[in-house]
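Hi,

Here is the structure I promised to pass on. Please open it alongside this note; my findings follow below.

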Amino acid sequence: MKRLFITYLLFLSLSSCKEFLDIKPHEETIPESAEEFSALLHTHLNGLDYGTSTIIPNSDNVASNESACDNLEVALTQTGGSVLKNYIGNIVTQETIYSSYYEIIRDCNIILGEMKDSESDIAKNVLGTTYAMRGICYYELMRLYCDVYDPLQKSQLGLQLVTTFDMEERPIRSSLEETMTLIEEDFKKALFYNVQEPIWRFTADVVKGYLARFYFWTRQWDNAIYYAGEVIKSHPLVDREGYKAMMENGYSLKGNMLIKSELISSSSSEQEGAGTYEPLNYRPVSKRFLDTFSDTEKANDIRYEMNFSKKRIATKFIFSGMRSAEMLLIRAESYYHKGSEDLALADINTLRGNRILNYEPLTLSSLPEPIPGTDYITQDVTGAPLTKLMALILTERRKELFLENDRFYELKRNGRPEFWVAVNGQKYTNRKFMYNFPIPIRDTKLIPDLQQNEGYEDYIIN
């Protein structure tokens with residue numbers, strides 16, 4: 001039995017990426033107990049700890065995404081930083097992302113379709129974790145491959161939804177609303193099982209955080225406020241010194257971190273590997289970004305003190321995961337869109353008060369003017385021009401979540417601005433369509449009716 005089960009796992013791990021639907025084995029023994037099924041999960045959870053699982057990007061992936069955006073100065077890249085991306089067009093061709101998420105979805109579907117036990121404690125943990133992981137995979141795929149949800153648009157394309165392991169099934173893309181429904185249902189089912197043990201990583205609090213992210217991305221402001229608040233209650237914001245202690249380490253959960261990639265270092269020193277991604281030393285932080293800090297903030301904001309050197313080199317450890325400050329920013333912006341500007345500003349004042357020494361809270365009548373030329377974002381997610389308060393919320397998010405795999409999604413969420421960079425006499429332009437990644441050509445060939453994203457009709461793999 002053990003040999004057959006190991007063979008089965010090897011079969012899954014070695015299956016061709018392009019055949020993510022062909023996953024039911026022939027002449028093999030399907031696992032039976034919850035303990036055996038949990039092995040499928042622990043393979044991915046172990047990969048998460050070592051930074052080899054797609055479900056939460058590792059530091060290399062984060063650095064790649066951040067380098068293609070606008071917080072780092074592409075034109076000033078020195079020799080040694082040549083592996084960094086120049087613009088968004090360099091990252092959209094990472095085709096393994098698509099298949100990697102669907103491989104995790106495949107394993108989740110095996111568990112949900114084949115595990116008979118649903119009553120034992122381990123089975124409940126397995127089911128809760130499985131639903132959470134599948135929901136996260138579809139959520140991340142939605143953010144990468146679909147338009148940002150607009151409730152006024154009824155024909156937005158969603159994802160290929162695979163919820164069983166029928167070998168003959170070749171689904172085309174669903175609607176975006178159908179995709180959203182599946183993601184929400186998975187997260188709610190995960191929450192039902194109320195996973196608490198940290199060994200499963202995707203505990204109930206983490207799921208609440210993903211629900212807050214999901215509702216925020218899909219403009220369901222009341223729900224985003226509720227779930228963000230739930231996380232903040234269980235993981236309160238930390239002050240300046242707490243922030244410093246939390247963010248200056250590379251490989252452990254501290255402060256109000258809920259989950260992260262790369263808890264285990266493969267290097268001998270915590271100062272190596274994740275967080276100090278060496279090529280970033282050869283690309284300075286953009287002056288546009290640094291100028292979002294006022295002179296007073298440059299002297300008193302712990303984020304400026306910790307995250308940048310005097311030579312404009314990023315010194316912050318890359319963080320890829322979830323922490324409470326993001327939830328506060330989600331709640332603040334959600335309050336804003338609900339018309340509760342006083343509550344939105346109160347959350348921003350709370351964040352700034354825990355980052356800036358001797359901070360004097362802002363009032364709605366004393367909001368600073370946005371500094372022209374510091375941000376390519378000029379409209380919010382609804383398409384409305386930025387007000388002073390919305391500009392402040394987005395700027396605080398940019399400061400707080402620098403090098404945390406957030407900027408690409410903020411550019412996409414808020415208008416998909418087009419901008420260009422110059423490198424070695426060549427001009428690289430970030431086009432609107434590039435904010436949606438292309439469906440891999442091997443999948444569009446396998447399924448002739450599978451619709452490609454706009455802009456990639458002539459897309460060819462070299």
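Asn86 sits in the loop that links helix 3 (59-67) to helix 4 (96-114). This is a predicted model, so please read each value here as computed from it. Asn86 has a relative accessibility of 16%, so it counts as buried, the cut-off being under 20%. Its side chain makes a polar contact of 3.5 Å with the side chain of Arg283. Arg283 is also on the contact list of Asn86, together with Val74, Val421, Val423 and Tyr428. That list leaves aside neighbours within four places in sequence.

Next, Ser320. It lies in the loop between helix 12 (302-307) and strand 4 (321-323). Is Ser320 buried or exposed? Buried, because its relative accessibility is 6%. The side chain of Ser320 reaches the backbone oxygen of Pro57 at 2.6 Å. Ser320 also touches Ile56 and Val62. Further contacts of Ser320 are Ile259, Lys260 and Ser261. Residues up to four places away in sequence are not counted there. Gly51 is 269 residues from Ser320 along the chain, yet their C-alpha atoms are separated by 9.7 Å.

Now the whole chain. The protein chain has 17 helices and six strands. It has 462 residues, of which 57% count as buried. Take the contacts with a separation of 6 or more: 70% of them join residues 24 or more positions apart.

Best wishes

How values were computed: Residues numbered from 1 in each chain as written. Predicted model: local features only at pLDDT ≥ 70, side-chain atom pairs only at ≥ 80, totals over all residues. Heavy atoms only, no water. Helix = DSSP H or I, 4+ residues; strand = E, 2+ residues; numbered from the N terminus. Buried < 20%, exposed > 50% of the residue type's maximum accessible area, 1.4 Å probe, protein only. Contact = heavy atoms within 4.5 Å. Polar contact = N/O pair within 3.5 Å; in protein donor to acceptor, adjacent residues only side chain to side chain.
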